[in-house]
Amino acid sequence: MPARFVLALCIFSLPALCFAQAGPEIQGEETAVLTDAPNVPPPITRDHPTKVIVHLETKEVTTRLADGVDYTFWTFGGQVPGKFIRVRVGDYVEMHLGNHPESRFPHNIDLHGVTGPGGGAAASVTAPGQTSVFAFKALNPGLYVYHCATAPVGMHVANGMYGLILVEPEGGLPKVDREYYVMQSEFYTAGGFGETGHQGFSMEKALREQADYVVFNGAVGALMGDHAMKGNVGETIRLFVGNGGPNLVSSFHVIGEIFDRVYAEGSFDIETNLQTTLIPAGGSAIAEFKLDVPGTYLLVDHSIFRAFNKGALAQIKADGPTNVAIYSGKLMEHVYQPEGGAVQVVATPRRAAPPAQTKQQRVEAGRRVFQQNCAACHQAEGQGLANVFPPLAGSDFLNADKQRAIGVVLHGLSGEVTVNGAKFNNVMPALRLEDPDVASALTYIYSQWKNAGHDVTPADVAAARKLPAPEQAPAAGH
Ligand SMILES: [Cu+2]
């Protein structure tokens, strides 16, 4: 085809033909399969580039940020993070960005996988009720963040406007058993963490980078409990992880797993055997690991207060047979213990004083056991932490059943529990304490904060140890 004729076609709106001139030929046309997190579109099996049409809709929706907390999210596709887009290197992508008629603001899209000014931002500014179309060739393979870049950019991103686009390399990615889409981001709300009701965006906190919430997939607990990601022992998991920011860098870590392979920062250069990988704001990583032993694995931002106090927790539940050659099942690795090694009572220091004999002695001895082993999570006055750690002070759950309370300390607790009308769905690890310490801690707790005053003796604990562990949702104590 004569060059001048091709140029004329380029100008007169047949750009696919232009691209056909550079690199392998574009063959055919398809509409992209888009998915909501944590799902990922199927791998690409084509061995040639094609024209891919992507229909993406920006939409402002009010929904759950945490239990009892609503937020008005601005989204790509109705959910945070935005739809996952999967194409192949060399593809010619025609992006149709529609802005829902009920939107209050114009939006656009800047894809980090685009070579061209603004990553498509200026070409895609779209008023409510309109659609913009632009096209680009996916020149570089990688896992890329896309986000809204309409002014004020920070606010559009802070409200939830980001997602991931995967540009597969030639020949695709190695086959794995399961792929998931996880995106971290933070929210700046008028009220503090857990303050109920509809919460507006706080520009002031965003400027100071003081996030109230740091979450995976747009809400506290979005990937916990019934919504946990799943796998089986023997399977290899691939996580496509993005960080929407707007401000914070993620120290992405899976408690109890080592990443066999990481495509750091979303580039297809492989690093092996990593514990924690940094994901910049506006960046990504692909982490792969084989599930060797069953249990619940926690995804965290290892800037750890974000995990246990601001929501940056997600779960993968692995089913299958135990393998004591790899993991004995007696050493707890599921939950990180903030401050003072709360759970790590490998050996309680020997006391000069004889073991507590009377109830009063147990109350006195129990104060220390409580402070060293329980207070990091349940707080100094047993008041707990909204949405994360249930209270022990005045706890109806605790007071109703002394046997059950002993069991909680011995075996841990997970799955949903309701304490004083509030729901918790978190993981308490089994605590490795000796019987007299368990007895003292509980006797102390029962004697405090208007609790029921039960006496728990070492004999009670010894008897409870002989009973089988109660059934629990995730395998907290195995
Ligand atoms: Cu926007």
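Visitor: Why does Phe-187 count as buried?
Guide: Its relative accessibility is 0%. Buried means under 20% relative accessible area, partly exposed lies in between, and exposed means over 50% (1.4 Å probe, protein chains only). So Phe-187 is buried. Keep in mind that this is a predicted model: local features need pLDDT of at least 70, side-chain atom pairs count only at pLDDT 80 or more, and totals for chains, interfaces and linings use all residues. Residues are numbered from 1 along each chain as its sequence is written, and side-chain values use heavy atoms, without hydrogens and water.

Visitor: And why does Phe-73 count as buried?
Guide: Phe-73 has 3% relative accessibility, so it counts as buried.

Visitor: How many aromatic pairs does the structure hold?
Guide: There are 16. Rings of Phe, Tyr and Trp (its six-membered ring) pair if their centres lie within 6.5 Å. Planes under 30 degrees apart count as stacked, over 60 as edge-to-face, and the rest as tilted.

Visitor: What makes the pair of Phe-73 and Phe-187 edge-to-face?
Guide: Their centres are 5.4 Å apart, and the planes stand at 85°.

Visitor: What kind of aromatic pair do Phe-76 and Tyr-146 form?
Guide: They form an edge-to-face pair, 5.1 Å centre to centre with 85° between the planes. Phe-76 sits in S3 and Tyr-146 in strand S8 (residues 142-147), so this pair ties together parts 70 residues apart in sequence. Phe-76 and Tyr-146 are both buried.

Visitor: What makes Arg-404 count as lying over the face of Phe-397?
Guide: A charge sits over a ring if NZ of Lys or CZ of Arg is within 6 Å of the ring centre and within 35 degrees of the ring normal. Arg-404 is at 3.6 Å from the ring centre.

Visitor: Why does Glu-288 count as buried?
Guide: Its relative accessibility is 1%, so Glu-288 is buried. Glu-288 belongs to strand S19 (residues 283-290).

Visitor: Which side chains make polar contacts with Glu-288?
Guide: The side chain of Arg-261 does, at 2.6 Å. So does the side chain of Tyr-263, at 3.3 Å. A polar contact is a pair of N or O atoms within 3.5 Å. Within protein, one atom must be able to donate a hydrogen and the other to accept it; residues adjacent in sequence count only if both atoms are side-chain atoms.

Visitor: Which residues touch the most other members of the largest nonpolar core?
Guide: Met-229, Leu-239, Phe-252 and Leu-299 do, in a core of 31 residues. A nonpolar core is a set of buried Ala, Val, Leu, Ile, Met, Phe, Trp, Tyr and Cys residues joined through side-chain atoms within 4.5 Å. Another core, of 27 residues, lies apart from it, with Ala-37 and Leu-65 among them.

Visitor: Why is Gly-191 counted as buried?
Guide: Its 5% relative accessibility is under the limit, so Gly-191 is buried. Gly-191 lies in the loop between S10 and strand S11 (197-199).

Notes: Helix = DSSP H or I, 4+ residues; strand = E, 2+ residues; numbered from the N terminus.
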